[in-house]
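We will go from stop to stop, with something to select at each one.

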Amino acid sequence: MTATTAAADTTDNTLGTVRIGDHEVGADRPVYVIGEIGINHNGDVEIAKQLIDVAVAAGCQAVKFQKRTPEISTPKDQRDKIRQTPWGEMTYLEYKYRVEFSHDQYSEVDQYAKSSGIQWFASPWDVPSVAFLEEFGVPTHKIASASVTDHELLRALADTGKPLILSTGMSTLEQIDAAVEILGTDGLVMLHATSTYPLPPQEANLRTISTLRERYGVPVGYSGHETGLQISLGAVALGAVAVERHITLDRAMWGSDHAASLEPKGLTNLVRDIRILEQAMGDGTKRVMPGELSPMSRLRRVDA
């Protein structure tokens, strides 16, 4: 079975939408907002639950984690490097194990997210992590930008038959072409991304959203690593159908992703402003709006 046929029932080709669980992602649908928890839980399930609460309160549709098998996904030349952590000095491999949730911990996350009414899924960084996540019946899998060229992982993900979300940071069009050849386009959502942390405005290149949409014919969203809200909102104005942002309880917390994350108020403001933008975009048909009728009668001196 190919990736295209396996996920065919998740896509409405007429509307260009992909169904992820109870949500449709695509043009003329509410922007699918993903709060990326990633490893910002710092290995603590209680922090993960607090971040789920933050995402629910803000109005996100989903939260995302990262799932690794550290001895597979940690580069060999990095494993023995010493890292200073809140838990003391340890090797990079030991640190990766320290922040990785076990099956029992993910069971807690799974139950908590479901009871909170929000979807959760993760970026698997290796093939065993795909099988691990499948045990929880996740509605989709996210392919991290770093994994675009990992064809073994892509084939394992395609074999799940699930809708897939593909981030495209640090990748050339040729590398994305090769990934899409494996994944197919049915059931595929792409996210434009630039993998610079934090992202400077001059590297955002938001017009790539339309480039990807035209080249691959799939719904395209945006995964942001900037500080602030403006670039993410610009992405929505350019047609992004999904927005993913890292979230944290406090940007000053220890960890590699916190500084480029949104705190609770920032996430709430982002979702609020996305919903306002959705209303403001309109349908592109020029016409006299109801609110213009009274000013027109007062101010226009010459009728057509």
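Start by selecting Asp 110, which counts as buried because its relative accessibility is 9%, under the 20% cut-off. Keep in mind as you look around that this is a predicted model.

**Stop 1: the partner of Asp 110.** Show Lys 114 as well: its side chain meets that of Asp 110 in a salt bridge, at 3.2 Å from N to O. Both sit in helix H5 (residues 103-116), 4 residues apart, so about one helical turn separates them. Lys 114 is exposed, with a relative accessible area of 53%.

**Stop 2: helix H2.** Now select Glu 46 and Lys 49, whose side chains form a salt bridge (3.6 Å, N to O). These two are 3 residues apart in helix H2 (residues 45-58), which again means a separation of about one helical turn. Here Glu 46 is partly exposed at 44% relative accessible area, while Lys 49 counts as buried at 16%.

**Stop 3: other salt bridges.** Select Arg 287 and Asp 283, where the closest N and O atoms of the salt bridge are 3.0 Å apart. Arg 287 is partly exposed at 40% relative accessibility, and Asp 283 is exposed at 52%. Then bring up Arg 19, Glu 24 and Arg 29, which a network of salt bridges links. Across the whole structure, 14 salt bridges are found.

**Stop 4: the sheet.** Go back to the cartoon and look for an open sheet of 8 strands with parallel pairing, ordered E8-E5-E4-E13-E12-E11-E10-E9. At its edges are strand E8 (119-124) and strand E9 (141-143), each pairing on one side only. From one strand to the next, the twist averages 25°.

Which residue of E10 does Ile 143 stand opposite? Select Leu 166 and you have found it. Staying on E10, colour Leu 164 and Leu 166, which point one way, and then Ile 165 and Ser 167, which point the other way; all are buried. In a regular strand, side chains alternate between the two faces of the sheet.

**Stop 5: helices on the sheet.** Select residues 151-158 to see helix H7 lying across E8, E9 and strand E10 (164-167), at about 160° to E9. Next comes helix H8 (residues 173-183), which packs on the sheet and touches E9, E10 and strand E11 (188-193).

**Last stop: the surface.** Switch to a surface view and select Val 288, Leu 293 and Met 296, a nonpolar patch with about 250 Å² of accessible area together. Met 296 lies in helix H12 (residues 293-299) and is partly exposed, at 32% relative accessibility.

Technical notes:
Residues numbered from 1 in each chain as written. Predicted model: local features only at pLDDT ≥ 70, side-chain atom pairs only at ≥ 80, totals over all residues. Heavy atoms only, no water. Patch = residues over 30% accessible without salt bridge, like charges linked within 9 Å, V, L, I, M, F, W, Y side chains within 5 Å. Areas by Shrake-Rupley, 256 points an atom, 1.4 Å probe, with all protein chains shown as cover. Salt bridge = Lys/Arg side-chain N within 4 Å of Asp/Glu carboxyl O. Buried < 20%, exposed > 50% of the residue type's maximum accessible area, 1.4 Å probe, protein only. Pairing = 2+ DSSP bridges. Axes fitted to C-alpha atoms, helices over the stretch in contact; angles between N-to-C directions. Contact = heavy atoms within 4.5 Å.
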